[in-house]
Amino acid sequence: HLQLCDFAAALDEYDQLLKVANRTELLASRNLARLGASTQAGAQSPDFQTILKEQGLLIANRPDNAYYWLWRGVTYHIWGDVAAAEMNYEVALAIVGERALDRQSQVQAWTGLGWLAHSQNQFDTAVDRFEMAVSLNDRSDEANLGLGFSYYSLRQYEKALEAWEKTAELNPEDPTIYISLGTLHWRLGMLQDGQDSLAQDRCADPDLSDEEKLASADQLLLAIQNFQTAVALPGRDPVDVAKTYQSLARVQYLLRSCPGFDVVEVLKATIDSYTAAIALDPNNANYWHVRGRTEYGVWLNLPPDTGPSARVWLFDALDDTEAALALNPTDLGDYQPNHFRGLIYPHAVDGSLAQGDGRFANGEYEIALGYYELVATRAPEVVRAPFKAGLAAVALGDLPQAELWYTEGLLRAEAAGDGAAILLAETDLRQFAERAGVDVTPLLNLLQESALEIDPADITDAATAFALAQGALLDGRWQRA
């Protein structure tokens, strides 16, 4: 059971054996099973007092057994008692003779000492200890991993890269190493000439040559490659995988200004990574917010003649911003959903309607309909959008579709108590019918069925008042006009 790592079953068996034979070897094996159980993922809080008490008995009986000291060092290490862990590791390593540590256990002790030093920010000491472990077994993936972290902390990036590439070779199924490599290449892609300083976005630096920018891009691409490998490996907590997708997205975004990269395609790849993060951790407001900002960036970088399809990105951005606000409504630091909603909404709604009005005035009715339908479907709170879509459908000769849109407009207007929107729609329809010679009687009858009334005193803008006055003139209602 112990060899199969079935520690619970092993403990039960050893408990039974110790009842009939209280031998040191059995106590040691049971303690090893307890220690193994404490290191398993998802294990309950270990009973360190019992584990340490047993190890104390073992050491009292056989103080020359280096393995008992090693086990107690591991226990104190897990418990977080750095001084006690360090002392026990060192005693274990100092014991010679028949019960000295074998080579692999020496590697374990030196690696433990390395992690202890690293946790205390003693990076030079950590390097020495991990180097000792590697000298005993250069195929120890954990020793190479720790060596890489120590060199990285000392900003000796080339040595960190060498250690971590060795780790990846030894343990290619561990996502941690690919996250580490991705972070390292990310950092190398942002370094200025002096290795102690970082640049936010080297490819956007006007003082750098294209050659320097491409060198940074090469490092960023290596970071992307490693992060993509990490997210493809199974067995990780979804929230942790989402964080790796966030790192991937942040690196992808940095490529947008690099020579040879298309900014829109880079932003789309960034959005895809945030989409994956959201699927894994949908309650993270920041993922929604940044994806929305990036979608807004796509719209800003599309050619001005792209048409209604470009503004789909604005409404996607608006939806994501609303989702972020639902999770966290407070702007703080880089998290600014309220600011960006105020920035995006006018472009999405008012801007799209204005584009539609301009195309309609130019006789480009099909394109105008695209703008109007986009607002009508993506912004259901906008009462006048379906009426405008209905008018564009009339201009295209599609009266059944126009009736559907006018019906939708009536429902929205009545729900909002917006009688002015109905009268404006009627005025626009009359004026177009007169110019185009189109019979729109059924649609006018539909609009006139509404029981909503409007008091001219309730009108708050001159354009609406003037449009309604024109409608009243068409009906011969001079006083109302």
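**Exercise 1. Find out whether Ala230 is buried or exposed, and what surrounds Ala230.**

Step 1: Ala230 has a relative accessible area of 0%, so Ala230 is buried. Here buried means under 20% relative accessible area, exposed over 50%, and partly exposed in between, with a 1.4 Å probe and protein chains only.

Before going on, a word on the ground rules: this is a predicted model, where local features need pLDDT of at least 70, side-chain atom pairs count only at pLDDT 80 or more, and totals for chains, interfaces and linings use all residues. Residues are numbered from 1 along each chain as its sequence is written, and side-chain values use heavy atoms, with hydrogens and water left out.

Step 2: Look up the place of Ala230, which is helix α11, residues 210-232. Helices (H or I, at least four residues) and strands (E, at least two) are DSSP runs, numbered from the N terminus.

Step 3: List the neighbours. Setting aside residues up to four places away in sequence, Ala230 touches Pro175, Tyr178, Ile179, Arg236 and Thr244. Contact means heavy atoms within 4.5 Å.

Step 4: Check one of these pairs. Ala230 and Thr244 are 14 residues apart along the chain, and their C-alpha atoms are separated by 7.6 Å.

**Exercise 2. Which residues have the most contacts inside the largest nonpolar core?**

Step 1: Know the term. A nonpolar core is a set of buried Ala, Val, Leu, Ile, Met, Phe, Trp, Tyr and Cys residues joined through side-chain atoms within 4.5 Å.

Step 2: Read off the answer: in this core of 52 residues, they are Val349, Phe387, Tyr406 and Leu429.

Step 3: Zoom in on Phe387. Beyond four places in sequence, Phe387 touches partners including Tyr406, Leu410, Ile422 and Leu447.

Step 4: Find the other core. Apart from the largest one lies a core of 28 residues, including Leu248 and Trp288.

**Exercise 3. Compare the phi angles and surroundings of Asn121 and Arg155.**

Step 1: Recall the background: most residues other than glycine have a negative phi.

Step 2: Take Asn121, where phi is positive, near 60 degrees. Asn121 belongs to the loop between α6 (103-119) and α7 (123-136), and is exposed at 56% relative accessible area.

Step 3: Now Arg155, whose phi is also positive, near 65 degrees. Arg155 falls in the loop between α8 (141-153) and α9 (157-170), and is partly exposed at 37%.
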